[in-house]
Amino acid sequence: MSEIVLQAKGLKKSFKSPAGSLAVLRSVDLEVRAGESLSIRGSSGSGKTTLLQLLGGLDIPDAGEVRLQLGSRSFVAPHRCLGQGVGFVFQNYQLMAELNAWENVALAAEIAGRGKSEKEAQELLTLVGLGHRIHHMPAQLSGGESQRVAIARALINQPAVILADEPTGNLDETTGQEIMKLLLEVVAQQQAALVLVTHSKEFAERTQRRLLLSGGVLSPA
Amino acid sequence: MAWFFHLALRQLFPPGKRFPAFAIVSILGVGLGVASLLVVQTVMNGFGEEHRLRIRESFGECVVIANRPISNVDELVSSLNVEEEVLSISPYAEGPALTRRGSFAGVAFVRGIVPTDEDLPARGYVIAGDFNDLDDGRVVLGIGLARDLRVKVGDKIDLWSPVMVDQAEKGKAPLPAELEVCAIVRTGFSEVDNRAAMISLRRFRELWSLGNKVHGVILRLDDPNQAPVIAARLNQGKPDLRFVPWQEIKKNFLEAIRFEKTMLFFLMFIITLVASFSIGSTLFSAVIRRTREVGVLVALGAKPWQLVGLFGLQGLWIGALGTSLGFILTWTILSFRDSILGTINSLFGDGDMVANVYQFSRVPLHYDPMDFLIAAVFTLLVTTLAGLVPAIWAASRKPSEAMRDV
């Protein structure tokens, strides 16, 4: 069995609302192993995105802890090492409109302090099937192409885990299928783990492990 | 180049956009603010310089006034001649007199001078006649006094000195001195133009019964700006004399010019400030519009100081480009200042105010590098701060808050 790269224990998170405190995550335990793919399904508002943000270090839990293995170093809280060890793929791609495809990919490496990495970015874009569109601006790319750029961006820093939040949510069915296939392939090829948040039972079934988030707790689907 | 430098530049000037409206309008706003500030300052400097020159040329660079008439003027001249800061020395005597032509009369402040002296004050402000024609039988009048007496060059006036009044009181019947007007001057200073009458020193001594005495000397200095320091040094050990530098002669007037310039600087600075605030508000809305991008950048590992740099730099570049544009606009406007003023005058039918009111042949200007430096530093500071405030706000947001919008 491969080693654990991301671990969450007893995660709790609630938000203030006019009706009082709203507990979104009551007690979430999760272990993600190197190279595995797992999906998290749940209804709207069940806390999938919140869980993904806690796993990626974009938010801090009210209770519990998240630990990420960073190379040979011991486990660290992801919010202390944003941009390292975890790659994000968002539903709306979230590319920088003023940068072209390869610059968007290379930006992640630059922010992580790895220099411009132009060649690496172009290789990754070729890997995701966009080798011929590396100089195109996001406005000149289709939804599927934009998501391919976002996947390449998530991979450029060789993260141990890719956190994908509804990556096919904005795409038509055919393109969604292509993107899902690509995501699973390249993640496996890069030996990264994949945590996929999705509504789609079909896409979820393509992952090795399937979980359901309901009532603030995770359970096998 | 750090990534946030590159991204800031791209956000300000997006590739493929022929007209980056936000950047151009912001730069233009700052440029116009800086230009209005500098045009006003430079013209005010010009007026100040012209007035200072006029004061020196109308009253002298340093006037030495004696407590009582000086009998040993040659000794004083010799002692001042050895001072290397002193370029020339002109003895003078002065006093009030009554002037009359026909039924028109006026009180004149008469100054007796050495007509051949090339450095005499007011020599450069002759508007009619010739100063070189001044001799014992002629007089140079200020324009106001000439008008009061209804005289022009070539006319004759009568002059009564206080000595003649003394003689009349003693029962004598003195005849007035008859003098021909050889030149008329206009300096722009009412105390000179309305009262001045210049006659030869020899004639003055005769009319005022001064003998060989004079009332003082006028000095020309190698560095007029240092007049107060030189005057103070020369005054040492001479308790009967008072060395008055030109800055003191018209102290209130010079203070008024300086105060006017300071006030205009603040008024113009407010214009630049308003332009900078509008940039701040535009940048603020731009940052809010980019909240999601901020969230993504944080997710990619961007540090708060890098986000501050990303948006702060945009303010700095708008400031730098706006200031440069302001400098170019200033130079262009000032190069065509007379044409611009001519157009304004013809539009509003004001006539040539610069010539009529100030007696300047053209709008004066004086470029002061310090004004440009201050304008640049202030503008860069304000526009950078205008960018920094929303940047700090963006950087201080929790990434999940921004990401929730994703």
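Hi everyone, let's start with a pair of helices: in chain A, α2(A) passes α4(A) in a right-handed crossing. The residues that make this contact are A:A101, A:N104, A:V105 and A:A108 on the α2(A) side, and A:V149, A:A152 and A:R153 on the α4(A) side. Sorted by class, that contact of α2(A) with α4(A) has five nonpolar residues, one polar and one charged. Before I go on, please keep in mind that this is a predicted model.

How do the axes of these two helices meet? Helix α2 of chain A covers residues 101–111, and helix α4 of chain A covers residues 143–155. Their axes come within 7 Å and cross at roughly 30 degrees. Angles under 35 degrees count as roughly parallel, and α2(A) and α4(A) are therefore roughly parallel to each other.

Now to the sheets. One of them is an open sheet of six strands in chain A, with the order β6-β7-β8-β3-β9-β10 and mixed pairing. Which strands sit at its edges? They are β6, residues 86–89, and β10, residues 217–220, of chain A, and each pairs on one side only. On average, and ignoring direction, neighbouring strands of this sheet are turned by 20 degrees against each other.

Helix α1 of chain A, residues 48–56, touches β3, β6, β7, β8, β9 and β10 of chain A, and its direction makes about 155 degrees with that of β7(A). Helix α5 of chain A, residues 173–189, also packs on the sheet, touching β3, β7 and β8 of chain A. The direction of α5 makes about 155 degrees with that of β8(A).

Let's move to another sheet in chain A. This open sheet has four strands in the order β2-β1-β4-β5, with antiparallel pairing. Its edge strands are β2, residues 20–33, and β5, residues 75–76, of chain A. We meet α1(A) again here: α1(A) packs on this sheet, touching β1, β2 and β4 of chain A, and its direction makes about 130 degrees with that of β1(A).

What holds the strands of a sheet together as pairs? Strands pair through backbone hydrogen bonds, either parallel or antiparallel. In this sheet, strand β1 of chain A, residues 4–17, and strand β4 of chain A, residues 63–69, pair in the antiparallel sense over five bridges. Along that pairing, A:K12 stands opposite A:A63 in β4(A), and A:A8 has A:V66 as its bridge partner. Next along, β4(A) and β5(A) pair in the antiparallel sense over two bridges, with A:V76 of β5(A) as the bridge partner of A:L68.

Last stop: the other chain. How many residues of chain B are in contact with chain A? There are 24, and they are in contact with 23 residues of chain A. Between them, chain B and chain A bury about 2,200 Å², 63% of it on carbon and sulfur atoms. In chain B, the residues that lose the most area to chain A are B:W3, B:A299 and B:L300, together 25% of what that side buries.

Terms used
Residues are numbered from 1 along each chain as its sequence is written. Chains are lettered from A and ligands numbered from 1 in the order in which they are written. This is a predicted model: local features need pLDDT of at least 70, side-chain atom pairs count only at pLDDT 80 or more; totals for chains, interfaces and linings use all residues. Side-chain values use heavy atoms; hydrogens and water are left out. Axes are lines fitted to C-alpha atoms, for helices over the stretch in contact, and angles run from 0 to 180 degrees between N-to-C directions. Angles under 35 degrees count as roughly parallel, over 145 as roughly antiparallel, 65 to 115 as roughly perpendicular and the rest as oblique. A crossing is left-handed if the near helix is turned anticlockwise from the far one by less than a right angle, and right-handed if clockwise. Contact means heavy atoms within 4.5 Å. Ala, Val, Leu, Ile, Met, Phe, Trp, Tyr, Cys and Pro count as nonpolar, Asp, Glu, Lys and Arg as charged, and the others, Gly among them, as polar. Two strands pair if DSSP finds at least two bridges between them. Buried area is the accessible area (1.4 Å probe) that two parts lose on being put together, summed over both.
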